[in-house]
Amino acid sequence: MFGRRAFAVVLAPIAFFTACTSDSNTQETTTLNVYAASSLATPFELAGLAFEKAHPGVNVQFNLGASSDLARFVEEGAPADIFASADIANMDKVESEELLDTPPIIFATNYLEIVVEKGNPLNILSLQDLTNSDLIFITTNPDVPIGRYTTEVFKKAGITIAPDSFENNVKSIMLKVAGGEADAGIVYHSEVVAADGEVDGVEIPSDFNILAEYPIGIISTSDNKELARGFIDFLLSPDGRAILSQHGFGLL
Amino acid sequence: MSQVRRHRQKLPWQIILIASIAVAFFLSPFIGLLWRTPWSKFTDIVTRREIRDALWLSVQTSLITSIVCFVFGVPLAWLLARVDFRGRRFIRALMTLSMVLPPVIGGIALLFTFGRRGLIGQYLDSWFGIRLPFTTTAVVMAQCFVAMPFLVLTVEAALRQLDTRFEDVARTLGGSRWYVFRRVTLPSIKPSLFAGLVLAWARALGEFGATITFAGNLPGTTQTMPLATYAALDSNPESALILSLLMIAIAFSILIALRDRWLGRTEQGLPL
């Protein structure tokens, strides 16, 4: 009695998902695997939707994460068609393994801001204010682009800060600052724009700021190079550029 | 032993083949790891300060977690096994839930409960000035959250199987309830208690998701071995390999060392 019911409970979702996948198979969809820095999440998802609409039968699948993680996945042979990094260094890693079809193109830029909780309760107004040791300042590992940029900013400003945590990626910094668990972090301007009022951004003077360049490239092992080129062309088109700039990215 | 051999039949080769594939699947990753390990750099990497810090932190936190799991888990297991109360099934389901839940989800739940703006954390902060995230305490909490169910469910199963007559006799001989629990009940379930503790400890030692989500990642304070291994994967893959190997060696040697004590006894039945 119990056995049969349990069997049905286990089987039902399996049957459901199998039905779903076989359904999409009959339409012969092509999947474009885009590995993108987590800071690109929102504009890329929108661009993906627009691209799918313009190309019926194409499914744009994103793998979003720290550029350093993604670069490692690509090096280990993950089935990526496109890699978009938040810095040159991680793209260089992939390029030096001869995994790029063509030299990468810089398609967007970003700059940094201090991110604080909504309303800026601690009244953090400058990089110097971050040196207060009572303050919980978080960043990422120095191999994640935002972590390295943060180190560069502090070096330019001539201050030293001992972070309270090295998070996985920029989204994790945002989550913890927005939730009030951490007091401050340094993130991309586009992240503050994407948070849509959930956090406050504090400007970093241009003398200490950096210009983050986002390179994109087609992976040499891709089976969908034409399609991949199409997606990159879309990002460089007026429509694609509009999406990027709406989300706080700079254009070249 | 000889009896077993006499009854042994010729096994169907299909089963042996399929089982061998399963064995190969579990064995090959370890061989892969050993194959890539840069042995020449072993001592150099293991003696690095950040590695020693992570190792020491892991040992400390996982042992504290084991003690906390023992102190709180055994009474809970006893309650679940012996007392028929409303909500007992709910509590048991809750234990199983945190066992099967992805630890990252546990970490998010802990963050929104004990974090500075969390359900309980906001009062800890405003009344006592206690802030848990990014502290070693948070590491222990994250480990307890994922590890305690292993102890509770193991000990509960043992308590249910236990013949309560021994306890009854001890009671009629004048032992207080607390005395009987300590001197009769606990010693009778020693092998399971041990097994539960080892399982909980191993789970705590390997905990990653809940820790990085709730406690963050700071060398010396919250960066345990699994977190250090993950961090090293980007900057220094060789360290990551050696750290992985170290974790396997620690877990493996403890399991081997304990095997005789705990498996040996359960095979013979309860040591009464």
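Here are a few questions and answers about this predicted model.

User: Are helices H8 and H11 of chain B roughly parallel or roughly antiparallel to each other?

Analyst: Happy to look at that pair. Helix H8 (residues 136-161) of chain B and helix H11 (residues 190-206) of chain B have axes that come within 8 Å and cross at roughly 165 degrees. Angles over 145 degrees count as roughly antiparallel, so H8(B) is, relative to H11(B), roughly antiparallel.

User: How many nonpolar, polar and charged residues does the contact of H8(B) with H11(B) have?

Analyst: H8(B) passes H11(B) in a right-handed crossing. On the H8(B) side the contact includes Val146(B), Phe150(B) and Leu151(B), and on the H11(B) side it includes Leu193(B), Leu197(B) and Arg203(B). By class, the count for this contact is 14 nonpolar, four polar and one charged.

User: How far apart are the C-alpha centres of domain 1 and domain 2 of chain B?

Analyst: Let's start with the bounds. The domain assignment places domain 1 of chain B at 1-36 and domain 2 at 46-266. Between the C-alpha centres of these two domains of chain B, the distance is 32 Å.

User: Which helix of chain B gives the most to the side that touches chain A?

Analyst: Across this interface, 15 residues of chain B are in contact with 14 residues of chain A. The chain B side that touches chain A has seven nonpolar, five polar and three charged residues. With four residues, the element of chain B that gives the most to that side is helix H13 (residues 225-235).

Technical notes:
Residues are numbered from 1 along each chain as its sequence is written. Chains are lettered from A and ligands numbered from 1 in the order in which they are written. This is a predicted model: local features need pLDDT of at least 70, side-chain atom pairs count only at pLDDT 80 or more; totals for chains, interfaces and linings use all residues. Axes are lines fitted to C-alpha atoms, for helices over the stretch in contact, and angles run from 0 to 180 degrees between N-to-C directions. Helices (H or I, at least four residues) and strands (E, at least two) are DSSP runs, numbered from the N terminus. Angles under 35 degrees count as roughly parallel, over 145 as roughly antiparallel, 65 to 115 as roughly perpendicular and the rest as oblique. A crossing is left-handed if the near helix is turned anticlockwise from the far one by less than a right angle, and right-handed if clockwise. Two residues are in contact if their C-beta atoms, placed from the backbone, lie within 7 Å. Ala, Val, Leu, Ile, Met, Phe, Trp, Tyr, Cys and Pro count as nonpolar, Asp, Glu, Lys and Arg as charged, and the others, Gly among them, as polar. Domain bounds come from an automatic or database domain assignment.
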